[in-house]
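Subject: Handover of a structure and notes on it

Dear colleague,

I am pleased to hand over the structure below, together with an account of what was found in it. Please keep it open while reading.

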Amino acid sequence: MIAAKFYRIEDWERFVDIKKELIELKAYRLNLQEMVDKRTEELKLEFEKRVDIERKLTMLEREVSKLERLNVIGQLAAGLGHEVRNPMTTIRGFLQMLQNKTDLVTYKSYFDLMIEEIDRTNSIITDFLSIAKNNPTVRRRQCLNQLLTNLFPLIQADAFSQGKKCVFEPTDITEVEIDPNEVTQLVLNFARNGFEAMPLEGCLTIKTFMDGEIAVLSIKDEGKGINNEHISKLGTPFFTTKENGTGLGLPMCYSIADRHNALIEFKTGTDGTTFLVRFPQPPE
Ligand SMILES: Nc1ncnc2c1ncn2[C@@H]1O[C@H](COP(=O)(O)OP(=O)(O)OP(=O)(O)O)[C@@H](O)[C@H]1O
Ligand SMILES: [Mg+2]
């Protein structure tokens, strides 16, 4: 309360004016504060959106460079694979013939081993060629949940044999256009990586859900996650951190996803890794 005496009417009027101005300024300050708060909130949201966009952009750039690398390697592989396979078939044939000779029977176990190794090499070449595959896949509209339901017992058996667990949590999703053989291969590769990353009793969770118009397949493990320095190498053929790995599982997944116009994303941390495959809505 201002206690003041005014001897002149002008002073009184001036006092009233100042009071009015003060009230207006206070209201203005309040308004300004509200505007600042609102704008701060908006900027925060914009910042979050920007971080999200940049994260997606980095992921897409990584994907594009991976696909470019795959393309070059793929073209080389296609030629090389065929050239290597023919002489291998000849060697395998001779080994099989010699294996049955009575005077070589003492070496039977060696022949078995050599044939096994040739078959293993052949299967690596098959995997590698499947990355290079350029011809369009035979795709048809189908329910991904149905495919996963059929496949799940196989994954479960795989889990059981390694002392691990797995669960399947489908939700209603739209049909997608897929090549069932290829998508089966993709799911098995992700699941196998998940099991290999987890300790005993670890649980693999396979889910399907809709994200807007996109049907998403998610495969989550309870492993230790992927090291930062390995992240940029994921999907490069022959990149492996496993003693017996060939490093062809993920390149195959990326290549299959690419043929389906699907996008692979992953989240990784010390509590595990989740791979997401986002299938586009099939054309009407
Ligand atoms: N779920 C996961 N958790 C942790 N690391 C992973 C996971 N998936 C992939 N990786 C890492 O990525 C590397 C490459 O995986 P990829 O499946 O291509 O090859 P691989 O599993 O090593 O061999 P294979 O050819 O037998 O699949 C792995 O060696 C591993 O280091
Ligand atoms: Mg693998």
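Among contacts in the protein chain between residues at least 6 apart in sequence, what percentage join residues at least 24 apart? The figure is 71%. Please note that the model is a predicted one.

**The chain as a whole**

The protein chain has six helices and seven strands. Read from the N terminus, these elements follow the order α-α-β-α-β-β-α-β-β-α-α-β-β. The radius of gyration of the protein chain is 32 Å, whereas the globule rule gives 19 Å for 284 residues, so the chain is more spread out than a compact globule. Along the principal axes, the C-alpha atoms fill a box of roughly 135 × 40 × 40 Å. Of the 284 residues, 32% are buried.

**Helices H3 and H4**

Two packed helices are described by the angle between their axes and the distance between the axes. Helix H3 covers residues 144–161, and it packs against H4 at an angle of about 40° with the axes 10 Å apart. This crossing is right-handed. On the H3 side, the residues that meet H4 are Leu-144, Leu-147, Leu-148, Leu-151, Leu-154, Ile-155, Asp-158 and Ala-159. On the H4 side, their partners are Pro-180, Val-183, Thr-184, Val-187, Leu-188, Ala-191, Arg-192 and Phe-195. Sorted by class, the contact of H3 with H4 has 13 nonpolar residues, one polar residue and two charged residues.

Phe-152 also belongs to helix H3. Is Phe-152 buried or exposed? Its relative accessibility is 13%, and Phe-152 therefore counts as buried. Leaving aside neighbours within four places in sequence, Phe-152 is in contact with Cys-166, Val-167 and Phe-168. The C-alpha atoms of Phe-152 and Val-187 are separated by 9.9 Å, and these two residues are 35 apart along the chain.

**Helices H4 and H6**

Helix H4 (residues 180–197) also packs with helix H6 (residues 249–259): their axes come within 9 Å and cross at roughly 145°. Here the crossing is left-handed. H4 contributes Glu-182, Val-183, Gln-185, Leu-186, Asn-189, Phe-190 and Asn-193 to the contact. H6 contributes Gly-249, Leu-250, Met-252, Cys-253, Ile-256, Ala-257 and Arg-259. The residues of this contact divide into eight nonpolar, four polar and two charged.

How many of the eleven residues of H6 are buried? Nine are, and H6 is thus mostly covered. The buried residues are Leu-250, Pro-251, Met-252, Cys-253, Tyr-254, Ser-255, Ile-256, Ala-257 and Arg-259.

**Two residues with positive phi**

Just after H6, Asn-261 takes a positive phi of about 55°, although Asn-261 is not a glycine. Asn-261 is placed in the loop between H6 and strand S6 (263–269). With a relative accessibility of 58%, Asn-261 counts as exposed.

Glu-201 likewise has a positive phi, of about 75°, and is not a glycine. The loop that holds Glu-201 runs between H4 and strand S4 (203–211). At 53% relative accessibility, Glu-201 counts as exposed.

**Cysteines**

How many disulfides does the structure hold? The number is zero. Cys-143 counts as partly exposed because its relative accessibility is 27%.

Cys-203 is in no disulfide either, and its nearest cysteine sulfur, that of Cys-166, is 6.9 Å away. A disulfide calls for sulfur atoms within 2.5 Å. Cys-203 counts as buried, because its relative accessibility is 15%.

A colleague

Methods
Residues numbered from 1 in each chain as written. Chains lettered and ligands numbered in written order. Predicted model: local features only at pLDDT ≥ 70, side-chain atom pairs only at ≥ 80, totals over all residues. Heavy atoms only, no water. Axes fitted to C-alpha atoms, helices over the stretch in contact; angles between N-to-C directions. Helix = DSSP H or I, 4+ residues; strand = E, 2+ residues; numbered from the N terminus. Left-handed = near helix turned anticlockwise from the far one by under 90°. Contact = heavy atoms within 4.5 Å. Nonpolar A, V, L, I, M, F, W, Y, C, P; charged D, E, K, R; others polar. Buried < 20%, exposed > 50% of the residue type's maximum accessible area, 1.4 Å probe, protein only. Rg over C-alpha atoms; globule rule 2.2 N^0.38 Å.
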